[in-house]
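Please read it alongside the sequence and the coordinates shown here.

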Amino acid sequence: MKCKICGNKAVIKLRAHNIALCEKDYIAFFEKRVLKTIRKYRMFDKDHKILVAVSGGKDSLSIWELLLSRGFNAVGLYIDLGIENYSEDSKSKCINFAKDKNAELEIANVKEYFNGLSIPEIARYVRRKTCSVCGLIKRYIMNRRALEGGYDVLVTGHNLDDEVSTLFGNMIHWQVEYLARQFPVLEKNHDKMVKKVKPFVTSTEREVAAYALMKGIDYMEKECPFSIGATSLFYKRLLNELEEKQPGSKLRFLNGFYENSGIFQTFRKELKLRACERCGYPTTETVCSFCRLRERIGNIVEKSEDRL
Ligand SMILES: [Zn+2]
Ligand SMILES: [Zn+2]
C-alpha cells in the first residue's frame, strides 16, 4: 500500500475517501479537511478568542492541538466533574498537554457550585440520570466561563460518529424540533450566550484517533464509567456496520442532512429567552435549570445537616 501523494509506504487507508496515505501526508490531509469545515460553516478565524472544552480524551485534545499548531488563539477549559478514578486522570492529561504545548488551561470545578458535591452525588441526591445532570451542568459552566473570560466562541470535540449517532437517534424517534436545531454551529442568540461550534463534524472517530496517535498526543483512553451501555454507543456500532458495507455512508448521511436542514425549519419553535432571575444567564423560564438544581441541592444538604 503506497501513499497516494508521495509514493512512500502508506500507514492508513481511508475507504470513504478512496485514499491511502503516509503519516506526514495524512496529518496534512486531516488538518486541511478540518480547516475547510471551519471556513465552510464560518466558525471562527485567527482574530477570534477561542475556548476549547477539553475532557482529556482524544477528540478534544486533538482539536486543541490542531488549533494551536495552526496558530489559532485557543485556550483550554477543563471541567472537573469529581468522578472517582476518572476525573483525576483526565485532568492530569489536560494539565500535562497544556504544559507541553505552553498553552493556557482554565479549570472549573463542579463542586464549587454545588456545596462540595460531585456529579454522581448530585445525580443521586436529585434522583436523576447521571448523564443528563452532567450534560446540563457542563453546558451551563462552559457557556458561563466562555462569557466571563470574554471568548468569542466555544469549541467542542464532537466528531462525525457523535453527530451521526445523534442524528440517527433524533430520526428514529422523529424528534423534529431537535432535528431543526442540529447543526455544527449554534449562533449567539442572547447577549449571555456564546457561539458554539464543532470543527470535527466531518472527521470520523477513527480519523481523529489516527491523528492523535500520529501527533503523539497523550490522551485518556478510559471512557467515562457512566457512558457504559449508553444508547449512543449502540447506534455507533450499527452505523459502523453500515460504514463497513458502504464506505462513506456516515459522511453522506450527515452532509445530506445539513444540506437539507431547511426541511425541518418549519418545526423550529422560537424559544423566548430571558435572563434567569438568579444568575442572569438565558433561560426560557423565570429561574434557569442550573440555578434550580443548585437550590434543590442546597436545601437537601441543609436538611441532612439538620439531622446530624
Ligand atoms: Zn506521503
Ligand atoms: Zn440561573
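Tyrosine 26 is found in helix H1, where helices (H or I, at least four residues) and strands (E, at least two) are DSSP runs numbered from the N terminus. Because tyrosine 26 has 22 C-beta neighbours inside 10 Å, it counts as buried; the cut-offs are 20 or more other C-beta atoms within 10 Å of a residue's own for buried, 12 or fewer for exposed and anything in between for partly exposed, with C-beta atoms placed from the backbone. This is a predicted model, in which local features need pLDDT of at least 70 and side-chain atom pairs count only at pLDDT 80 or more, while totals for chains, interfaces and linings use all residues. Residues are numbered from 1 along each chain as its sequence is written, and chains are lettered from A and ligands numbered from 1 in the order in which they are written.

Leaving aside neighbours within four places in sequence, tyrosine 26 is in contact with Val11, Ile12, Leu21, Ala210 and Met214, contact meaning that the C-beta atoms of two residues, placed from the backbone, lie within 7 Å. Tyrosine 26 and glutamate 207 are 181 residues apart in sequence, yet 9.4 Å apart in space, C-alpha to C-alpha.

The axes of helix H1 (residues 23–40) and helix H9 (residues 205–214) come within 10 Å and cross at roughly 125°, the axes being lines fitted to C-alpha atoms, for helices over the stretch in contact, and the angles running from 0 to 180 degrees between N-to-C directions. H1 is therefore oblique to H9, given that angles under 35 degrees count as roughly parallel, over 145 as roughly antiparallel, 65 to 115 as roughly perpendicular and the rest as oblique. The contact is made by Glu23, Tyr26, Ile27 and Phe30 of H1 and by Glu207, Ala210, Tyr211 and Met214 of H9. These residues divide into 6 nonpolar, no polar and 2 charged, where Ala, Val, Leu, Ile, Met, Phe, Trp, Tyr, Cys and Pro count as nonpolar, Asp, Glu, Lys and Arg as charged, and the others, Gly among them, as polar.

## Contact of H5 with H6

H5 and helix H6 (residues 130–148) pack at an angle of about 115°, with their axes 9 Å apart. On the H5 side the contact is made by Ile119, Pro120, Ile122, Ala123 and Val126, and on the H6 side by Thr130, Val133, Cys134 and Ile137. By class, the residues of this contact divide into 8 nonpolar, 1 polar and no charged.

Glutamine 182 is found in the loop between H8 and strand S7 (185–186) and, with 17 C-beta neighbours inside 10 Å, counts as partly exposed. Apart from its neighbours within four places in sequence, glutamine 182 is in contact with Thr166, Leu167 and Asn170. Glutamine 182 and phenylalanine 264 are 82 residues apart in sequence and 9.9 Å apart in space, C-alpha to C-alpha.

## Loop residues with positive phi

Most residues other than glycine have a negative phi. Asparagine 115, although not a glycine, has a positive phi of about 50°; it lies in the loop between helix H4 (110–113) and helix H5 (119–126) and counts as partly exposed, because it has 16 C-beta neighbours inside 10 Å. Glycine 116 has its place in the loop between H4 and H5, and with 12 C-beta neighbours inside 10 Å it counts as exposed. Between glycine 116 and leucine 254 there are 41 Å in space, C-alpha to C-alpha, the two being 138 residues apart in sequence.

Tryptophan 174 likewise has a positive phi, near 45°, in a residue other than glycine. Tryptophan 174 is found in the loop between helix H7 (160–172) and helix H8 (176–181), and it counts as exposed because it has 10 C-beta neighbours inside 10 Å.

## The largest nonpolar core

Of the 60 residues in the largest nonpolar core, Ile50, Leu51, Val52 and Val155 touch the most other members, such a core being a set of buried Ala, Val, Leu, Ile, Met, Phe, Trp, Tyr and Cys residues joined through C-beta atoms within 7 Å. Leaving aside its neighbours within four places in sequence, valine 52 is in contact with Ser60, Ile63, Trp64, Leu67, Ala74, Gly76, Leu77 and Val155.
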